[in-house]
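Student: I am new to this structure. Can you show me how to read a few of its features?

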Amino acid sequence: MIVTLIVVCEVGFWVLLALGLALRYLAKMRRLGAAVLLMEPLLEVVLLVVTAIDLRNGAEPSWKHGLAALYIGFTVGHGHRTIKWLDGHAAHRFGGAPRPVGPPKYGMARARHEGGIWLGTLIAGAVATVLLQLAVWYVGDASRAVSLRDWMYASWRAVGIHGLIALSYALWPRKAPAQDTDTDRAGGREPVRVDRS
């Protein structure tokens, strides 16, 4: 039942997102669209309540409960950024707004961008850990909560791996490609001429 609810919450996330953006930009009902978008966190609350009820009713803590905690954590850590990104693109396509600026591609600006995304993953790991620890205390039997602790370690492994990837952008920043002669011509600069007389 928990896995089915996770799938329903994921589908519901995208349905509410599409409905909210359609109301904002196609139907020109900005307030109603914003209200629909603000309903997104209710999906996670429902999932959290159902997971707690499942454990209270004597369900054996398992990977399903851990997955639910990670899903909620991911939504808290990355949901706002995802909605903001899609809102910017919908505003451009349907609302006449300028095209959203893409992420930087090179140098320390790219490293800062990747670090910001990693902070979302860090928040996701922290939220999942808090929820899993609460579930461990709720169950009250350490021997039955082994799978919940395993999910804690899994979440922090993901945070660590993503952190190393983000750090690599700072340690080895990607450099912008050098301009060649054709690019110089296209940019209006004449190539240097050598007098061979």
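Predicted model: local features only at pLDDT ≥ 70, side-chain atom pairs only at ≥ 80, totals over all residues.

Student: Is F13 buried or exposed?

Tutor: F13 is buried, because its relative accessibility is 7%. W14 is partly exposed, at 40% relative accessible area.

Student: Which residues of helix α2 are buried?

Tutor: Helix α2 covers residues 30-38, and its buried residues are G33, V36 and L37. They span an arc of only 100° around the axis, so they lie on the same side of α2. The face turned away from that buried side carries R31 and L38, which are exposed.

Student: What covers the buried residues of α2?

Tutor: The cover includes α1 (2-26) and α3 (40-56).

Student: What span should helix α6 have?

Tutor: Count 1.5 Å a residue. Helix α6 runs over residues 146-171, which is 26 residues, so it should span 38 Å. Its end C-alpha atoms are 37 Å apart, which agrees.

Student: Which residues of α6 are buried?

Tutor: Among them are L148, W151, M152, S155 and V159. H162, G163 and A166 are buried in α6 too. What covers the buried residues of α6 includes α4 (63-95) and α5 (107-139).

Student: Now pockets. What shows where empty space is left?

Tutor: Rolling a probe the size of a water molecule over the atoms shows it. In this model, the largest pocket has a volume of about 410 Å³. Its lining has 13 residues. Nearest its centre lie R81, W85, V101, P103 and H113.

Student: Which helix gives the largest share of that lining?

Tutor: That is α4, with 6 residues. Both α4 and α5 supply at least two residues each.

Student: Where is K28?

Tutor: K28 sits in the loop between α1 and α2. K28 is exposed, because its relative accessible area is 57%.

Definitions and conventions. Residues numbered from 1 in each chain as written. Heavy atoms only, no water. Buried < 20%, exposed > 50% of the residue type's maximum accessible area, 1.4 Å probe, protein only. Helix = DSSP H or I, 4+ residues; strand = E, 2+ residues; numbered from the N terminus. Arc of directions from axis to C-beta. Contact = heavy atoms within 4.5 Å. Expected span 1.5 Å × (residues − 1). 1 Å grid on protein atoms, 1.4 Å probe; cavity = no way out; pocket = protein on both sides within 12 Å on 5 of 7 lines; lining within 4 Å. Points joined across faces, edges and corners; volume = space filled by probe spheres on them.
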